[in-house]
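Trainee: I would like to learn how to read pockets and surface patches in a model. Could we go through one together?

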Amino acid sequence: SHVMAEVARKGVPTPRIYGVDSSRRSVPFAWQVMERVPCSDLNRLLKQHRLALGAVAEKMGELVARWQTIT
């Protein structure tokens, strides 16, 4: 959740994290609850020929460059 918060601070659209526990004290697995993003995933849109791949790839490259500045 800390990394997601840092990425969001860089201006990258990021789902909100509501809770996380990696201690495995209460349950035998790590868990994270995050905001539901109400849209189709990119792979589905690509297969349906509804994805403007060039524009999306350019925007994704810009966003990746932003979060890669995090030290």
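Trainee: Which residues line the largest pocket?

Mentor: First the general idea: a probe the size of a water molecule is rolled over the atoms, and this shows where empty space is left. Here the model is a predicted one. Its largest pocket is lined by M4, V7, V12, P13, T14, P15, L42, K59, M60, L63, V64 and W67. The space in this pocket comes to about 250 Å³.

Trainee: Which element gives the most to the lining of the largest pocket?

Mentor: Helix α3 does, with 5 residues. At least two residues of the lining come from each of α1 (2–9) and α3 (53–67).

Trainee: How many nonpolar, polar and charged residues does the lining of the largest pocket have?

Mentor: Sorted by class, the lining has 10 nonpolar residues, 1 polar and 1 charged.

Trainee: Now the surface. Which residues make the nonpolar surface patch?

Mentor: Y18, F29, W31 and V33 make a nonpolar patch of about 410 Å². One of these, W31, belongs to strand β2, which covers residues 31–34.

Trainee: Where does S23 lie?

Mentor: S23 sits in the loop that lies between β1 (17–21) and β2. From S23 to V12 it is 11 residues in sequence, and 28 Å in space from C-alpha to C-alpha. V12 is one of the residues lining the largest pocket.

Methods: Residues are numbered from 1 along each chain as its sequence is written. This is a predicted model: local features need pLDDT of at least 70, side-chain atom pairs count only at pLDDT 80 or more; totals for chains, interfaces and linings use all residues. Side-chain values use heavy atoms; hydrogens and water are left out. On a 1 Å grid over the protein atoms alone, a cavity is a set of points where a 1.4 Å probe fits but cannot get out, and a pocket is an open set with protein on both sides within 12 Å along at least five of seven lines; lining residues have an atom within 4 Å of a point. Grid points are joined across faces, edges and corners, and a volume is the space filled by probe spheres set on the points. Helices (H or I, at least four residues) and strands (E, at least two) are DSSP runs, numbered from the N terminus. Ala, Val, Leu, Ile, Met, Phe, Trp, Tyr, Cys and Pro count as nonpolar, Asp, Glu, Lys and Arg as charged, and the others, Gly among them, as polar. Patches are made of residues with over 30% relative accessible area and no salt bridge: like charges are joined within 9 Å, nonpolar side chains (Val, Leu, Ile, Met, Phe, Trp, Tyr) within 5 Å. Accessible areas come from the Shrake-Rupley method with a 1.4 Å probe; for residues, only the protein chains shown count as cover. A salt bridge is a side-chain nitrogen of Lys or Arg within 4 Å of a carboxyl oxygen of Asp or Glu.
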